[in-house]
Each structure stands twice: as structure tokens, then as C-alpha cells.
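I opened this model to look up its charged side chains and how they pair. My notes follow in the order I took them.

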Amino acid sequence: MPLEVVEVKARYGCHRASFVAEDGKIFTIMGPNGAGKTTLLNLIAGFIKPTNGIVKLNGRQIEHLPPYKRNIAYLPQDYSLLPHYNVLENLLFPLRCRKVTPEDQKKKAREWIERLKLETLLDKYPHELSGGERKRVALAQALVYDPEVLLLDEPSSNLDLEHQKRLRLEIKRIKTELSIPILYVTHNLTEAEEVSDTVGFMFDGVLIATGSLDDLLLNASNEKIKAFFGHPNILEVESARRLDGPLYEVVCKGMGKLIVSCSEPPTQIIAYPWDIYLSLIPPPGPNMNRFKGKVLSVEAGPSGEIFVSVEVGKQSILAVTTNKTFLQIKPFSDVFIIFKFQRLRAIPSSSNHC
């Protein structure tokens, strides 16, 4: 059964939020700092009492219950393991608090030790673990008592890119295996695209939109959403020539030719900034969907991403990279840009996505 939130409001931080998080799905909450994302998680977990609204879990209302009676796992951004307990004792602690029998304590702990590959860490203390190891232990600690919902607040923060990727894979696997609703707060667009089934966007304490990430990115009517995500690159098609199968060679206004997949002639091509590859040297591979341009501007994003504006022909293209080398690039430096073929969205005249 899903988690259902109806018109929930708090004294501060959250003014209105309604959504449904389905079993076996990840509902990602995005928005600028101070938007109310963490407050919303705290309302659901029971650490903040709502002044209005309903929270339902498996068909029962829980907004009046204290946190320990909600059976919700919450991994906050500033989580902390018990420093005087080793890893095994940290995993057993929440089970002891719930008066689980010693036999079941060992069984449940062993299950998550194996799932998250913690066997070599059991005798270590939190200060002896790497950042990625601490996150995995904290995740196991949150899941060891079989919660009905998992709340994750910026779970990959303070991790390098390799450990961020590993953690996302673990969370996606957990989603499939446990089939429980997962609420996932993040600022990272690449992360949201990789894990999300549904995305909710918060601004000034209000959940103002929900839908797929594509839905939100293409919502041209909401300037708050556009300002946060960065405008997608929308290229106007001047002409289109059908190739073999569902492929078209299109000429984009002011830029040149792209190969796209579409069942009918497109009128627009949409390329999201993180679906564009940048290189300072000529990249290997076939000469398809790639151009040489000049860097117009470089700006660091809130989660380690770097926004690079590139002039290609007469078009200004926005791309996102995590390559810190680009922070030192001067304006008008040469750069090579590749539009990832499988990530291009071709919009036909009927306005249905291909």
C-alpha cells in the first residue's frame, strides 16, 4: 500500500504538500535550499507535528503517532552512527530498542550485512570507516527492522562520484527487493534522472508540481522550475530527411545536422544539459552529432556539477559536466561537444514525444 500525504502543513518550512508515493517506486523531492524538503520528511517521519493535513500509510492515518510507532526508516543528511558501538552493535541497536528476540536480531542483521556487503566491517567503529562505508552501514541500520517506508535526505552528499554511483545502485536494488515507497531528496539532476520514478518540486514550502522528470523539465509555464533545473536546449528543425528505420537526419536552425530517432519528421529537438558530453580534445568515435564550439561561460552548481555554456554555430548550448578542469577554462576557448544520440528528445508536429 502507498504512502499518501494530503494537504500537510507545519508551523514553518512546509505550507502545503500533497502526493502519493507508491510501493516499489522512488518519489524524488527536489527544490532550492530552504524550500521545505527536509521539513516534509520530518513531518512524515513524525519529528515535526503537522498543523494540518493527513498522512496515510497502508491505509491507516499516522500523522498523530509518535515516530517510533510509524515504522518509517529515515536517513537524514547529518546522520550519525553510535560512536561507541562497532558496526555489528550499530545494526543490532534498533532491533533491541524494538524488543526483537536475540535470535531474530541475528537473523535480520545478517540479512543486511550480506545485502550491503558489510562482512569485513563488523568489528570496526564509525571513526574507522570511510564516508561510503558509513553511508552503507547507516542504510543497513535504517532498514534492519523492516520499515514500511524509507526516507533519504541527500543520501549521496559528501561522497565522491564513484561512491555516489554505488549508493544509487544499492538504493535501486533495495527498491526492487523490498517493494516499499522510497522518498529521496536531492539537488543533483543526474541523480534524480537515474533513480526517480516520480519527481516532486518544492518551492517556498509548497509542493508545486509532481510528475516525471521530463514533465517537470518541459513545464515551460513555471519559471521557478525552469530557473532551478536550467533551461533545456530546444533546437528548431529547419528540415528533416528520413534515413533507415525510425531515424531522421535533421538540420537544426543556426547549428547544423543531427541524427535523431523518431517515427515521423520532428519540428523540435530537445537536449538536456546533462545529456551532452564535453571534451577539450577531439573525441574518438564516429563523426555523428558532434560539433566544435567556443566556451561562453562556466558556472559551478550546488552539488558539484558544472554548467558550461557553449556557442555552436549561432546557437548557445548549455551542458553539465562534473569535470573540474572546466572551472579553469577561459571564455572563448575551443571545446568539443557531443549530443548523446539515445538521450535526444525529438518532438514531432503532433507534439507527442518520439
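Entry 1. I started with Arg 173, which is partly exposed at a relative accessible area of 27%. The model is a predicted one, and I read every value below as computed from it.

Entry 2. I looked up the partners of Arg 173. Its side chain meets that of Glu 170 in a salt bridge, 2.5 Å from N to O. Glu 170 counts as buried, with 15% relative accessibility. I checked where the two sit: Arg 173 and Glu 170 are about one helical turn from each other, because they are three residues apart in helix 5 (residues 161-178).

Entry 3. Arg 173 also forms a salt bridge with Glu 177, and here the closest N and O atoms are 3.1 Å apart. Both residues lie in helix 5, with a spacing of four residues, about one turn of the helix. Glu 177 is partly exposed, and I noted 41% for its relative accessible area.

Entry 4. I moved on to Arg 343, whose side chain meets that of Asp 275 in a salt bridge at 3.5 Å, N to O. This pair links distant parts of the chain, the two residues being 68 residues apart. Arg 343 is in the loop between strand 19 (334-339) and strand 20 (345-348). Asp 275 is in the loop between strand 14 (266-271) and strand 15 (276-279).

Entry 5. I searched the whole structure for salt bridges and got 18.

Entry 6. Last, I looked up Glu 133, which is in helix 4 (residues 131-143). Which side chain of opposite charge is nearest to Glu 133, and how far away is it? It is Lys 124, at 4.9 Å. A salt bridge needs a side-chain nitrogen of Lys or Arg within 4 Å of a carboxyl oxygen of Asp or Glu. Glu 133 is buried yet has no salt bridge. I also listed its contacts, leaving aside neighbours within four places in sequence: Glu 133 is in contact with Leu 121 and Glu 128.

Notes: Residues numbered from 1 in each chain as written. Predicted model: local features only at pLDDT ≥ 70, side-chain atom pairs only at ≥ 80, totals over all residues. Heavy atoms only, no water. Buried < 20%, exposed > 50% of the residue type's maximum accessible area, 1.4 Å probe, protein only. Lys, Arg positive; Asp, Glu negative; His and termini not counted. Contact = heavy atoms within 4.5 Å.
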